[in-house]
Amino acid sequence: TKAVLRACQKLGIDCFLHERGNSFTHYSLFENTSIHDLNNTRRLIIEMWKNADPIEREEKAKQFFEARIKGNVTNWYAFNQDQQDQLPSNWDSKKKNIAIFNSSEDEVASISDEWKNPLYTSQLDGIKQIIRDAAGWDNVHIYLRVHPNLKNVQNADVEAIRNLSGQNFTVIPPESKLSTYFLVRHVDTVLTFGSTVGMEACYLGKPSVLAGSTFYRTLGGTYDPATHNELMDLLKQDLLPLDKEVALQYGYFFSSYGIPFKHYKPEDFAQGTFLGKKVEFTNTLRLQLSRLIFHNKKFAALSERLRFRYRERVLNQYRP
């Protein structure tokens with residue numbers, strides 16, 4: 001959709017971008033921008049909170065976070081439904097425990113410059129620097145909880161993250177059943193690169209440090225260092241939790257935005273009925289063959305090369 005948006009912006013034509021809404025029962029429209037426009041979405045978060053009923057907004061925001069903690073997510077897929085309330089085997093409650101929660105960096109890599117990390121060239125780069133500079137902190141242990149969404153992602157960065165090591169550092173791999181929220185409740189400080197966990201930590205009364213660009217940066221619920229040195233200084237301190245209302249603002253927006261479907265009745269993200277008729281995905285022979293060639297996990301490297309060659313051939317049809 002970005003190509004359509006950019007063309008309309010250049011020609012001065014109004015453009016409405018369609019996105020999912022707060023749940024699979026809603027859709028959303030963004031006029032001449034997208035939900036990934038950080039400044040615009042931050043403005044909407046604040047405006048919706050100000051214009052909402054004080055009692056209703058707080059209750060709805062709390063429901064948003066409690067549902068995520070329990071794995072009852074309606075705005076996307078839940079990654080913690082089979083997680084267990086346990087701590088890492090090397091947990092030492094006498095130490096200061098810091099948890100890093102990374103995110104799927106590839107999902108926002110090409111959106112716009114405002115999504116570029118203000119501190120590091122990549123999350124992997126940032127984590128490596130943190131491990132290096134915290135190596136001498138004898139009373140501190142750092143845990144990296146790799147995002148469960150990355151368990152099926154195969155690339156050099158994910159492989160490098162899995163293989164990270166350090167004197168006072170432990171990797172919790174994406175396929176681990178260890179509960180994200182149980183870990184948040186027990187650590188002293190939470191560090192994220194922009195995942196929702198940053199706001200969930202704020203909601204749960206934990207100091208939340210942000211080392212990336214995302215919707216809630218600068219809203220006031222997280223410590224937002226501008227440099228690596230500032231971040232390390234924060235991790236050394238016994239930080240206090242910041243304003244929980246910011247988390248509630250965030251939760252209220254993402255549990256409220258969008259327009260209810262009128263003619264379409266969804267059953268989940270993948271299926272539903274339109275005017276009473278079942279909308280079904282047709283798994284054609286052509287589609288099966290396409291997946292076998294271009295999205296083959298057994299031969300991932302070859303499949304990727306073929307996919308890029310095909311993409312280049314299609315793009316060449318539109319080049320002058």
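Contact here means heavy atoms within 4.5 Å. The structure is a predicted model.

**Exercise 1. Surroundings of Thr192**

Task: Determine where Thr192 lies, whether Thr192 is buried or exposed, and which residues Thr192 touches beyond four places away in sequence.

Solution: 
1. Locate the residue: Thr192 belongs to strand β6, which covers residues 189-192.
2. Check its accessibility. The relative accessible area of Thr192 is 0%. Buried means under 20%, so Thr192 is buried.
3. List the contacts, leaving out residues up to four places away in sequence: Thr192 touches Phe101, Val197, Gly198, Val209, Leu210, Ala211, Gly212 and Tyr216.
4. Look for a polar contact among the side chains. The side chains of Thr192 and Tyr216 are joined by one of 3.2 Å.

**Exercise 2. Aromatic pairs**

Task: State how many aromatic pairs the model holds, then classify the pair of Tyr27 and Phe261 as stacked, tilted or edge-to-face.

Solution: 
1. Ring centres must lie within 6.5 Å to pair; by this rule there are 15 aromatic pairs.
2. For Tyr27 and Phe261, the centres are 5.4 Å apart and the planes form an angle of 35°. Planes under 30 degrees apart count as stacked and over 60 as edge-to-face, so this pair is tilted.
3. Tyr27 is in strand β2 (residues 26-31), and Phe261 is in the loop between β8 (259-260) and β9 (264-266), so the pair ties together parts 234 residues apart in sequence.
4. Compare with the accessibility classes: Tyr27 is partly exposed at 22% relative accessible area, and Phe261 is partly exposed at 27%.
5. Apply the angle rule to Phe64 and Phe65. Their centres are 5.1 Å apart with 80° between the planes, which makes the pair edge-to-face. Both Phe64 and Phe65 are buried.
6. Extend to the cluster: Phe64 and Phe65 belong to one aromatic cluster, together with Trp115, Tyr203, Phe215, Tyr216, Tyr250, Phe253, Phe254 and Tyr257.

**Exercise 3. A nonpolar surface patch**

Task: Find which residues make the nonpolar surface patch of about 550 Å², and which element gives the most to the patch.

Solution: 
1. The members are Leu289, Leu292, Ile293, Phe299, Leu302 and Leu306.
2. Assign them to elements: α10 (285-294) and α11 (300-316) each supply at least two residues.
3. α10 gives the most, with three residues.

Key:
Residues are numbered from 1 along each chain as its sequence is written. This is a predicted model: local features need pLDDT of at least 70, side-chain atom pairs count only at pLDDT 80 or more; totals for chains, interfaces and linings use all residues. Side-chain values use heavy atoms; hydrogens and water are left out. Patches are made of residues with over 30% relative accessible area and no salt bridge: like charges are joined within 9 Å, nonpolar side chains (Val, Leu, Ile, Met, Phe, Trp, Tyr) within 5 Å. Accessible areas come from the Shrake-Rupley method with a 1.4 Å probe; for residues, only the protein chains shown count as cover. A salt bridge is a side-chain nitrogen of Lys or Arg within 4 Å of a carboxyl oxygen of Asp or Glu. Helices (H or I, at least four residues) and strands (E, at least two) are DSSP runs, numbered from the N terminus. Buried means under 20% relative accessible area, exposed over 50%, partly exposed in between (1.4 Å probe, protein chains only). A polar contact is a pair of N or O atoms within 3.5 Å; within protein, one must be able to donate a hydrogen and the other to accept it, and residues adjacent in sequence count only if both atoms are side-chain atoms. Rings of Phe, Tyr and Trp (its six-membered ring) pair if their centres lie within 6.5 Å; planes under 30 degrees apart count as stacked, over 60 as edge-to-face and the rest as tilted.
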